[in-house]
Amino acid sequence: MARFEFPNKVILITGASSGIGTELARQLAARGAWLCLAARRADRLEAVKAECEGLGGRAIALPTDVRQQDQCVKLVQGCVEAYGRLDALVNNAGVTMWARFDEISDLNPVEQIMQTNYFGSVYCTHAALPYLKQTHGLIVGISSLAGRNGVPTRSAYAASKHAMAGFFDTLRIELAGSGVSVTMIYPGFVTSEVREHAFGPNGKPLEKSPVREGEVMPVETCARLIVRAMSRRQREEVMTLRGKAGLWLKLIAPGLVDRIALKAIQTGK
């Protein structure tokens, strides 16, 4: 399959108002992409839009709550109305939780995590697929290493990311021969404010990251690896040596992988 070139390509990014989504938008704009930026925070979206335009790309901001299917449909339609087509969809919107399951007192955030991370990806992909078939486009799912292995204190998040992996791996098989490729991204800890907004055991945001943010992968590096994977239409990108090694170790020493996951959470890196 031909490489995915970015100049003048229409790329829709969910969760574009912060973290990986914002940095990915910056790097794609610098490559001449035409961006459709989606997230719930309209003010943050407008700031990212202006920054992308300053970097040489085109951009529109469409505030969207991906938990709502009708808003996802409207998002895709708005993107196509603005640019006339859709070449790539990046399912990046996500929320997380940081709590042992037996300490959770409010299960509502568990449902919100699944609605945002999994169903948001399903809704956007379903709406975008007819247009992506026309352009032989690209679907990207931003999962996590927690989508390949259980991680303590992240039960709801890991479940949502496992669901994403199963959905997109199946979709890739179904789309064989259609010209549409599916790329799954599995980052580890990345510098981002997502953990500050993570749900705690009481269902309220933590407001303080439990991770040593200065000792994890910079968001610029993560976005650069995503861009490379997109250009190559890779099947998947598993980030970090620990993540790659963990996939092999899980086959021969699953208990060791569990201990590694526990240590990563305890040390915050």
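**Notes on helices, salt bridges and a cavity**

1. Let's start with one side chain: Arg26 is partly exposed, at 26% relative accessibility. Here, buried means under 20% relative accessible area, exposed over 50%, and partly exposed in between, using a 1.4 Å probe and protein chains only. Please keep in mind that this is a predicted model, in which local features need pLDDT of at least 70 and side-chain atom pairs count only at pLDDT 80 or more, while totals for chains, interfaces and linings use all residues. Residues are numbered from 1 along each chain as its sequence is written, and side-chain values use heavy atoms, leaving out hydrogens and water.

2. What does Arg26 pair with? Its side chain meets that of Glu23 in a salt bridge, 2.7 Å from N to O. The term stands for a side-chain nitrogen of Lys or Arg within 4 Å of a carboxyl oxygen of Asp or Glu. Glu23 and Arg26 both belong to helix H1, three residues apart, which is about one turn of the helix. Glu23 is buried, with a relative accessible area of 8%. Helices (H or I, at least four residues) and strands (E, at least two) are DSSP runs, numbered from the N terminus.

3. The structure holds 10 salt bridges, and another one joins the side chains of Glu236 and Arg148 at 3.2 Å, N to O. Glu236 sits in strand E7 and Arg148 in the loop between E5 and H5, so this pair ties together parts that are 88 residues apart in sequence. Glu236 is partly exposed at 26% relative accessibility, and Arg148 is partly exposed with a relative accessible area of 26%.

4. Now turn to Arg172, which you will find in helix H5 (residues 155-174). Is Arg172 buried or exposed? Arg172 counts as buried, because its relative accessibility is 15%. The side chains of Arg172 and Asp169 meet in a salt bridge of 2.9 Å, N to O. About one helical turn separates them, because they are three residues apart in H5. Asp169 is partly exposed, with a relative accessible area of 26%. Leaving aside residues up to four places away in sequence, Arg172 touches Val182, Met184 and Arg235, where contact means heavy atoms within 4.5 Å.

5. Helix H6 covers residues 219-232, and its 14 residues should span 20 Å at 1.5 Å a residue; the end C-alpha atoms are 20 Å apart, so the two values agree. The expected span is 1.5 Å times one less than the number of residues. Which residues of H6 are buried? They are Val219, Cys222, Ala223, Leu225, Ile226, Val227, Ala229, Met230 and Ser231. Their cover includes helix H1 (19-30) and the strands E1 (10-14), E4 (88-91), E5 (138-142), E6 (181-186) and E7 (236-238). Just after H6, Arg233 takes a positive phi of about 50°.

6. Finally, look inside: the structure holds one cavity of 30 Å³ or more. A cavity is a set of points on a 1 Å grid over the protein atoms alone where a 1.4 Å probe fits but cannot get out, and lining residues have an atom within 4 Å of a point. The largest cavity holds about 40 Å³ of space, a volume being the space filled by probe spheres set on the points, which are joined across faces, edges and corners. Thr14, Val66, Asn91, Asn92, Ala93, Thr116, Gly120, Ser121 and Cys124 line this cavity. Helix H4 (residues 108-135) provides the largest share of the lining, four residues.

Key: On a 1 Å grid over the protein atoms alone, a cavity is a set of points where a 1.4 Å probe fits but cannot get out, and a pocket is an open set with protein on both sides within 12 Å along at least five of seven lines; lining residues have an atom within 4 Å of a point.
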